[in-house]
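Here is a quick walk through one chain, from a single residue out to the whole fold and back again. Keep the viewer open while you read.

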Amino acid sequence: MIRRNFNDNWRVMKDNGNSAMAAYMGQTNEKTVHLPYDAMIHEERTSDTPNGAQTGFYPGGRYIYQKTFEVPEEWEGKEVCLEFEGVYQKAEIFLNGAYVTKNLYGYSNFYVKLNDWINYGAENTLKVVADNSMMPNSRWYTGSGIYRNVKLIIGNRIHTSLDGVKIRTVDASKESALVEVETHVDSFSKVREKVHVRVRIVRNGNCICEERQMLIICPNSTEMTLHRFCISNPELWDCDTPNLYQCEIEIESDEGILDTTREIFGIRTLTIDSKYGVRINGKTVKLRGTCIHHDNGILGASTFEKAEERRCRQLKEAGFNSIRSSHHPLSKAMLDACDKFGVLVMDELSDMWNIHKNPYDFASDFPECWEEVVERMVAKDYNHPCVILYSVGNEIQEAGSEAGAWWNRRLCNKFHQLDSERYTTNGLNGLMAAGHRLRQIMKDVSVNFAAKKDSEHGSSEGSNALHSFMSLMAG
């Protein structure tokens, strides 16, 4: 599939409730920008914002992004879609005035298929409404709007599926490695066709192995091929030697090459157990980690490749070999940087499940879309050797309850169904997980503390301490 940068020449304006009339009168606050563009960092800071210090006193808002682009007639019969790597908080997508889709999680990448509403051989107008007006909705600086890349993706009538290439190291040693490439192919054709799927493994520009398989594919269907390669003397990926390979997939018909896809990957094995801890390629690795949020300081939430590379490189130079995303799926740019510099990743799903930490956070939508968000996250991470762990949540308030245990199992099972090679964990906070039982737990601790004090001193010192503590809890 052809992927094109779609970041240039967007028009953005803040929707103050009368945007349609203001636009008609030519009185808009519209300006031309190039993505990624964080609208929040351009707001006036104010102590009146409901966000308060959580976003550094920057307010949210509702922002309208628009872009006009030409669609040639030869695109008819091809699949045309967009990838949005991140729009905060909620996004609605319109093409030529028609509603196309929505996205509820501001940290999840998502795809938008445009064919139903495209005008071929004409100008088309895309509108994205990024709604971050319901405040507060986070415990940190979020940014607003289209803060990550947008890609235009054009697939021929038969093409590799979106996120349709999965590369897995079955086994690896210094002498040889067994690598498996699973390729999903979509047909946009109106007839049954015979094609060939050619897969090459490339290192430093040299093809080291390849295989070609025939595939019969029916109209409007998806088929899959599986290729296995034995690679002699592989250059393995680890934190000290982050060697990367390229996988090239071509779909060929009698008329020529219909589609080309390229994926970067590393050859490495991963095990985690109680005896040896984390092992990469059979060697124990001590994790020296830190947590990072998605923002880039004075750049706001805008995700720039060079900025992600810079902070990844600086973390590695400071002695870190691992990071945890706080508290949402990591950007594609940061994953690429971690692959390049040899930094291990614990990628995190969310900061909440079904219980709110802020009145308008993701808990409102989690039950509706958690499964789709997990699927997108695994598809994004699957071919990155840097990713070793999925965290299903951070400081989840229901984690200590039976309902929390049920949700945790459900989430972990979903991750393992999609990716059997990696491990799952949960960022637990004991005080938060206690929920409504916290008062009783603290009372029991204090009673025991007071009894111990009284027995040691033969006085009411412990009882006085308990009384002070319980007064504090009641207040």
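## Starting at S331

Setting aside neighbours within four places in sequence, S331 is in contact with R148, T303 and E308 (contact means heavy atoms within 4.5 Å). You'll find S331 in the loop between β24 (322-325) and α3. Is S331 buried or exposed? S331 is buried, with a relative accessible area of 1%. For these labels, buried means under 20% relative accessible area, exposed means over 50%, and partly exposed is in between, using a 1.4 Å probe and protein chains only.

A word on the ground rules: this is a predicted model, so local features need pLDDT of at least 70 and side-chain atom pairs count only at pLDDT 80 or more, while totals for chains, interfaces and linings use all residues. Residues are numbered from 1 along each chain as its sequence is written, and side-chain values use heavy atoms, with hydrogens and water left out.

## The chain as a whole

The chain has eight helices and 27 strands. Both are DSSP runs numbered from the N terminus: helices are H or I with at least four residues, strands are E with at least two. Along the principal axes, the C-alpha atoms fill a box of roughly 95 × 70 × 40 Å. Of the 475 residues, 51% are buried. Among contacts between residues at least 6 apart in sequence, 71% join residues at least 24 apart.

A301 sits in the loop between β23 (289-292) and α2 (305-317). At 0% relative accessibility, A301 counts as buried. Not counting residues up to four places away in sequence, A301 touches D38, Y141, T142, G143, Y147, H294 and D295. The C-alpha atoms of A301 and M40 are 8.5 Å apart, although 261 residues separate the two along the chain.

N7 belongs to the loop between β1 (2-5) and β2 (10-14), and is buried as well, with a relative accessible area of 4%. Apart from residues up to four places away in sequence, N7 touches V33, H34, L35, P36, N149 and V150.

## Pocket and cavities

The largest pocket has a volume of about 800 Å³. Of the 29 residues that line this pocket, R3, R262, E263, K332 and D336 are the closest to its centre. β13 (158-172), β19 (256-265), α3 (332-341) and α4 (366-381) each supply at least two lining residues, and the largest share, six residues, comes from β13. The search runs on a 1 Å grid over the protein atoms alone: a pocket is an open set of points with protein on both sides within 12 Å along at least five of seven lines, a cavity is a set where a 1.4 Å probe fits but cannot get out, and lining residues have an atom within 4 Å of a point.

How many cavities of 30 Å³ or more does a search of the whole structure find? It finds four. The largest cavity has a volume of about 140 Å³, and among its 17 lining residues, Y88, Y105, Y107, N137 and F362 lie nearest the centre. Volumes are the space filled by probe spheres set on the points, with grid points joined across faces, edges and corners.

Most residues other than glycine have a negative phi, and most peptide bonds are trans. The bond from Y88 to Q89 is cis, with omega near 5 degrees; Q89 is in the loop between β6 (87-88) and β7 (90-95). Another cis peptide bond joins M135 and P136, with omega about -5 degrees, and P136 is in the loop between β10 (122-132) and β11 (145-146).

F57 is not a glycine, yet has a positive phi of about 70 degrees. F57 lies in the loop between β3 (31-33) and β4 (61-71) and counts as partly exposed at 33% relative accessibility. N220, also not a glycine, has a positive phi of about 50 degrees. N220 lies in the loop between β16 (206-217) and β17 (222-232) and counts as exposed, at 63% relative accessibility.
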